[in-house]
Amino acid sequence: MTAPAYQNSPTRGARKWSPEVESGGISQFSPVSGGTAWRGKSSLTSIPKGAGYNRQNMERTLAIIKPDAVERKFAGQIIQRIEEAGFRVAAMRLVTLSKPVAEGFYAVHRERPFFPHLTAFMSSGPAVVMVLETDGAIKKWRDLMGATDPAKAAPGTLRAAFGSGIERNATHGSDAPDTAAFEIGYFFPGVDLV
Ligand code: CMP
């Protein structure tokens, strides 16, 4: 019997992508398909100095504009808010996640009662996945998004403006450096980061 996709995710320590996930359609761009992109946080979230751009103290985080916000045509406004807040977009893709890919991404929540519904929702339509870069990117992006539940998010935050429920909360962001490394590697091979 084939193991659930999340059991082969980097969070479980394995490096190899499963056939289930391959058939989910994300394999053509997912670094995980080749099993080579998960190299820990050093290669994905710490940025080397580049000519003409002071990358010292820069940090990267994974951001998702969720299917609810894409469907309601909020993606453009959210990207504008991201750029106005000073983030540099280091990678971006429009993707429809398969259910196994959504399950692998949210594997940390697999025991939670909302896991089946959350992963069904996240695979229900196109989402925008991005790598955002700035100093303190992880916290800055979480501050810009606001609280997980849009009803509790501060006025002016993205979730307050564009979310409609705790699941349909418009955006996702990594919550720590190790999860940022996992989440960036889940969607983008190193060569896709500009
Ligand atoms: P996100 O930042 O993407 O991380 C996990 C997601 O699970 C979260 O946003 C919410 O959309 C969702 N979530 C968290 N708590 C609940 C809950 N109690 N009921 C439904 N969905 C939840």
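Two strands pair if DSSP finds at least two bridges between them; helices (H or I, at least four residues) and strands (E, at least two) are DSSP runs, numbered from the N terminus. Residues are numbered from 1 along each chain as its sequence is written. This is a predicted model, in which local features need pLDDT of at least 70, side-chain atom pairs count only at pLDDT 80 or more, and totals for chains, interfaces and linings use all residues.

The average pLDDT (the predictor's confidence in each residue, from 0 to 100) is 81, and 71% of the residues score at least 70. Over residues 1–42, pLDDT stays under 50. Where pLDDT is low, the predicted coordinates should not be read in detail.

| Strand paired with E3 | Bridges | Direction |
|---|---|---|
| E1 | Eight bridges | antiparallel |
| E2 (residues 88–95) | Seven bridges | antiparallel |

Val 128 in E3 stands opposite Ile 65 and is also the bridge partner of Leu 94. Seven of the nine residues of E3 are buried (20 or more other C-beta atoms within 10 Å of their own, C-beta atoms being placed from the backbone), so the strand is largely enclosed by the rest of the structure.

Helix H7 (residues 137–145) buries Ala 137, Ile 138, Trp 141, Leu 144 and Met 145. These buried residues line one face of H7, because they fall within an arc of 135° seen down its axis, the arc being that of the directions from the helix axis to the C-beta atoms. Just after H7, Gly 146 has a positive phi of about 90°.

Terms used:
Two residues are in contact if their C-beta atoms, placed from the backbone, lie within 7 Å. A residue is buried if 20 or more other C-beta atoms lie within 10 Å of its own, exposed if 12 or fewer, and partly exposed in between; C-beta atoms are placed from the backbone.
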